[in-house]
Amino acid sequence: MTFFLAVLLLLGGAAFLLVSCVGLLRLPDFYTRAHAVGKAETLGSMLILSGLALYNGAALSSVKLLLILTIIAVTNPTATHALTRAAMRSGLKIWRAEGKPSKHDLAG
Amino acid sequence: MSTFFLALTLFIAVLFAASVYRIVTGPTVFDRAIGAGLIGTNAILVLVLIGFLYDRIDMFVDLALAYGMLNFIGIVALAKYFERKQAQL
């Protein structure tokens with residue numbers, strides 16, 4: 001039972017990693033790509049690491065795997081936010097669809 | 001189960017190609033930085049999976065821990081530098 005749950009978590013994590021990479025390839029500008037990387041990548045990594053910890057069983061390595069999970073859950077959105085704030089402060093324009101008004105554009 | 005771990009490692013290794021494409025052709029420097037960050041996070045997972053493949057998980061999990069912290073410090077340093085530079089492209 002634990003084995004099947006671990007395999008399920010690993011497959012779900014791989015699916016979220018695939019979604020994140022497709023978003024990085026297909027989305028139109030930096031901010032939308034940061035959206036894909038900051039959330040889908042974090043969730044996929046956390047699912048894969050928790051699946052591996054579940055497969056490993058009760059050992060010191062499992063505690064360290066959960067520690068890596070915590071570090072990724074804290075640092076990956078923080079790094080994405082720092083990059084996005086740097087882009088916003090250096091004046092990178094937000095992408096707009098063709099023909100849409102842009103008077104509420106934060107980046108001016 | 002070892003075959004499954006090998007397949008998962010190869011799948012994540014294929015996903016590196018998306019980040020490399022974004023680093024090579026990204027229009028701004030921030031796209032390149034976020035592609036590098038994605039490579040770092042995937043490399044943590046590949047390190048842990050290699051530990052399971054070689055049955056040396058107690059060693060590789062420490063490597064992945066150190067790599068994760070260094071990756072975060074690198075990305076934040078890049079963000080601070082390019083914020084100060086007012087870099088557009």
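User: The radius of gyration is taken over C-alpha atoms, and the globule rule is 2.2 Å times the number of residues to the power 0.38; what radius of gyration does chain B have?

Analyst: Chain B has a radius of gyration of 15 Å, while a compact globule of 89 residues would have one near 12 Å. This is a predicted model, in which local features need pLDDT of at least 70 and side-chain atom pairs count only at pLDDT 80 or more, whereas totals for chains, interfaces and linings use all residues. Residues are numbered from 1 along each chain as its sequence is written, and chains are lettered from A and ligands numbered from 1 in the order in which they are written.

User: Switching to the interface, how many residues of each chain are in contact?

Analyst: There are 35 residues of chain A in contact with 37 residues of chain B, where contact requires that two C-beta atoms, placed from the backbone, lie within 7 Å. On the chain A side, H1 (2-26), H2 (30-56) and H3 (60-89) each supply at least two residues, and H3(A) gives the most, with 16.

User: What kinds of residues make up that side of chain A?

Analyst: They divide into 23 nonpolar, eight polar and four charged, with Ala, Val, Leu, Ile, Met, Phe, Trp, Tyr, Cys and Pro counted as nonpolar, Asp, Glu, Lys and Arg as charged, and the others, Gly among them, as polar.

User: Which residues have the most contacts inside the largest nonpolar core?

Analyst: They are A:Leu52, A:Leu83, B:Phe30 and B:Val48, in a core of 51 residues. Such a core is a set of buried Ala, Val, Leu, Ile, Met, Phe, Trp, Tyr and Cys residues joined through C-beta atoms within 7 Å; a residue is buried if 20 or more other C-beta atoms lie within 10 Å of its own, exposed if 12 or fewer, and partly exposed in between. Two or more residues of this core come from each of H1, H2 and H3 of chain A and from each of H1 (2-25), H2 (29-54) and H3 (57-85) of chain B.

User: What is B:Phe30 in contact with, leaving aside its neighbours within four places in sequence?

Analyst: With those neighbours left aside, B:Phe30 is in contact with A:Phe30, A:Leu83, A:Ala87 and A:Leu92.

User: Which residues of H1(B) are buried?

Analyst: B:Leu8, B:Ile12, B:Leu15, B:Ala18, B:Ser19 and B:Arg22 are buried in H1(B), and what covers the buried residues of this helix includes H1 of chain A together with H2 of chain B.

User: One more: is A:Leu8 buried or partly exposed?

Analyst: A:Leu8, which lies in H1 of chain A, counts as partly exposed because it has 13 C-beta neighbours inside 10 Å.

Definitions and conventions. Helices (H or I, at least four residues) and strands (E, at least two) are DSSP runs, numbered from the N terminus.
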